[in-house]
Amino acid sequence: MESAVSDGKAWIAELRSYVGRRYGVIHAWDAVNASMIRQWCEAMDFDFAPFAADTAADSVHGGMVAPATMLPVWLMPGLRNTRPPGSDLTNPREVMTVLEREGYIGILGTNCEQEYERYLRPGDKISTTHMVEAISDEKQTKFGPGFFITFLQEFFDQHNAPVGRMRLRILRFKPQPKVEQKPLRPSPPQPALSQDTAFFWEGLQAGKLLIQRCAACHTLRHPPGPACTSCHSLEWDTVQASGRGKLFSFVVMHHPQHPAFDYPHPVGLIELEEGVRLVAPLAGTDPDVLEIGMAMEVVIEAVEGEHRLPNFRPVKKG
Ligand code: ZN
């Protein structure tokens, strides 16, 4: 599978000159701290309890520590890609620009290894250095010809003692012409049907947006539930909503992405004119035009044939 097809090309020497290149120190914006540990655990769906300040005191660590895999998190530049004063601002991935220039525009992370010297504790102030550890010969891969680049990132504490390192291996390749392929799109997650919610989804199948109503006191409720919160009656029926309402609130989903949906994916909390609120997709609407309080109407759309979703759109003016 391997072939050294690039021997003799002048730019290869330029590429090779990056091997062993070291970049200067980059400092962390913040010391290791409890709130980032907790938020990272939440985002990664990690059990936070072993790392919490109150329970960790009884653990083998004798106090709070950061999960080891958080190591690179402390050195992230943030959304604005800025670094604290005193940091080396040279792009440690500049070797990539050489490959891009030569047409190796495909990129694929192949593996990432982390090693840890010790657990980090709140108050530790971490810094990092980067180097280009290795560049392979040009390889023929199933994606096209390319180079494997190994970046080494080393981490140090406030005493300049090493606390860990990370090796990231990336394939930069020349993409091959695409074979025509029918795009396969997975179905969105199916709604969980229960005795309480089946009417809602069945109503949508019939093109109706149904709201549960207490049969005793006629209070409307959504999401559906077994008992009336006003009078505790278990008897209920439904009414068909007009499908009109107002945008009470919304979020724009960027991550994590599900391949069945287009992103950015706006999701709204709609206050129906009947008075109840409903979480619903706002697919097909540019998030920039959304405004709290704007008039919305439902379009009951079939998704992948199977089930239907109540998608809301702004009511066209005029
Ligand atoms: Zn009731």
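Mentor: The accessible surface of the protein, computed by the Shrake-Rupley method with a 1.4 Å probe and, for residues, with only the protein chains shown counting as cover, comes to about 18500 Å², and 54% of that area belongs to carbon and sulfur atoms. This is a predicted model, in which local features need pLDDT of at least 70 and side-chain atom pairs count only at pLDDT 80 or more, while totals for chains, interfaces and linings use all residues. Residues are numbered from 1 along each chain as its sequence is written, and side-chain values use heavy atoms, with hydrogens and water left out.

Trainee: Into which domains is the protein divided, and how far apart do the C-alpha centres of the domains lie?

Mentor: The bounds come from an automatic or database domain assignment, which gives domain 1 as 11-173 and domain 2 as 198-314. The C-alpha centres of domain 1 and domain 2 are separated by 42 Å.

Trainee: Which protein donors does the zinc ion have, and what is the geometry of the site?

Mentor: Donors are N, O and S atoms within 2.8 Å of the metal (3.2 Å for Na, K and Ca), and since water is not among the atoms, sites may look incomplete. The SG atoms of Cys 214, Cys 217, Cys 228 and Cys 231 lie 2.3 to 2.4 Å from the zinc ion, and along the chain these donors follow the spacing C-x2-C-x10-C-x2-C. Four donors count as tetrahedral if all angles lie between 85 and 135 degrees; because the angles among the four donor atoms here are 103 to 116 degrees, the site of the zinc ion is tetrahedral.

Trainee: Is Cys 217 buried, partly exposed or exposed?

Mentor: Buried means under 20% relative accessible area, exposed over 50%, and partly exposed in between (1.4 Å probe, protein chains only). Cys 214, at 0%, counts as buried. Cys 217 has a relative accessible area of 33%, so Cys 217 is partly exposed.

Terms used: Four donors count as tetrahedral if all angles lie between 85 and 135 degrees; four count as square planar and six as octahedral if opposite donors are over 155 degrees apart and all others between 65 and 115; anything else is irregular.
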